[in-house]
Amino acid sequence: MAAGDYMAVRDAIKKIIPQSSYDDGSAGPVLVRLAWHASGTYDKKSGTGGSNGATMRYKLEASDEANNGLEYARKFLDPVRQQFPWISYADLWTLAGVVAIEYMGGPKVDWKPGRVDDVDEQYVPPNGRLPDATQGEDHIRSVFYRMGFNDQEIVALSGAHNLGRCHADRSGFEGPWVPMPTRFSNTYFKLLLRSEWHKRTNSVGVEQYNDEDNELMMLPTDMALVKDPKFRTWVEKYAEDKDLFYRDFAAGFGKLLELGVIRGPEGKALRQYARAKL
């Protein structure tokens with residue numbers, strides 16, 4: 001394939017999303033999580049972290065507890081990278097998240113190529129920058145404000161929990177948020193407001209929230225969105241207006257994927273050492 005044929009890459013990503021032996025038959029949710037976690041390490045004060053560099057290829061970042069299970073996403077994408085060796089891992093991971101969202105019925109997210117891969121561990125961000133799901137609203141704000149997001153964007157991005165499920169052997173939490181975890185929707189917000197959630201200790205001794213039938217779950221960070229008045233305002237808006245949520249999620253996710261990406265005149269991202277000279 002010709003270098004730069006990103007439509008061909010998109011088509012190849014779509015082909016690896018159905019995975020009959022993985023979770024709910026889809027790699028889509030874990031691809032979204034990979035893009036999210038590869039980007040969510042950004043710190044606006046220091047300019048470190050973010051999607052450029054694809055530093056999760058290195059053990060220091062891959063071993064962060066928040067990234068448990070993402071080795072599956074990276075392995076799912078290995079055949080695509082082998083087919084298109086000219087694309088950087090940083091571009092592939094972020095593009096895969098965008099393609100997966102749209103494939104699962106979500107909005108179209110703006111995406112630009114040009115990220116480059118770091119060649120060593122020198123610029124791997126420190127562990128602990130990703131959200132800790134056991135925490136509350138103060139922690140959520142500290143993590144997202146560090147990246148440059150506001151309260152509305154925090155709630156919109158939390159809507160990614162319309163997808164996928166938790167695994168006890170990875171995060172300590174277990175179960176899906178919504179009944180159809182491979183279809184993008186605003187169901188997550190509706191359930192937060194309209195279901196009764198009960199704090200329970202799961203099979204591995206971790207506290208989480210479950211519905212009456214123990215079929216669905218919410219994390220402490222999810223419940224913080226309805227307990228905090230400013231967050232709750234946006235939860236209510238997104239529960240009532242699917243189009244508004246899709247629009248705001250697309251904007252927030254597109255912003256997330258660009259964190260830490262400083263582009264030169266031709267659109268190619270600069271390596272960390274080059275950025276320091278700007």
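Student: Which elements do the buried residues of α9 pack against?

Tutor: They pack against α6, α7, α8 (187–194), β4 (207–210), β5 (217–218) and α10. Contact here means heavy atoms within 4.5 Å. The helices (H or I, at least four residues) and strands (E, at least two) are DSSP runs, numbered from the N terminus. This is a predicted model, in which local features need pLDDT of at least 70 and side-chain atom pairs count only at pLDDT 80 or more, while totals for chains, interfaces and linings use all residues. Residues are numbered from 1 along each chain as its sequence is written, and side-chain values use heavy atoms, with hydrogens and water left out.

Student: What makes α9 mostly covered?

Tutor: Seven of its eight residues are buried, that is, under 20% relative accessible area, where over 50% is exposed and in between is partly exposed (1.4 Å probe, protein chains only). These residues are P220, T221, D222, M223, A224, L225 and V226.

Student: How is α9 oriented relative to α10, and why?

Tutor: Helix α9 (residues 220–227) packs on helix α10 (residues 229–240) at an angle of about 90°, their axes being 5 Å apart. That makes the two helices roughly perpendicular, because angles of 65 to 115 degrees carry that name, while those under 35 are roughly parallel, those over 145 roughly antiparallel and the rest oblique. The axes are lines fitted to C-alpha atoms, for helices over the stretch in contact, and the angles run from 0 to 180 degrees between N-to-C directions. From α9, A224, L225, V226 and K227 take part; from α10, P229, F231, R232 and V235 do. By class, this contact holds six nonpolar, no polar and two charged residues. Ala, Val, Leu, Ile, Met, Phe, Trp, Tyr, Cys and Pro count as nonpolar, Asp, Glu, Lys and Arg as charged, and the others, Gly among them, as polar.

Student: How are α6 and α7 oriented to each other, and how do you know?

Tutor: The axes of α6 (residues 137–147) and α7 (residues 151–158) cross at roughly 100° and come within 10 Å. The two helices are therefore roughly perpendicular to each other. On the α6 side, I140, R141, F144 and Y145 meet D151, I154 and L157 of α7. Five nonpolar, no polar and two charged residues make up this contact.

Student: Where does α4 bend?

Tutor: The bend, about 35°, is at L77, and P79 follows within four residues. Such a bend is the angle between axes fitted to the seven residues ending there and the seven starting there. L77 is also one of the buried residues of α4, as are F76 and V80. Their cover includes α1 (6–16), α2 (28–39), α3 (59–62) and α5 (89–103).

Student: What is the relative accessible area of D23, and what is it called?

Tutor: The value is 37%, which means that D23 is partly exposed. D23 sits in the loop between α1 and α2, with a positive phi near 40°.
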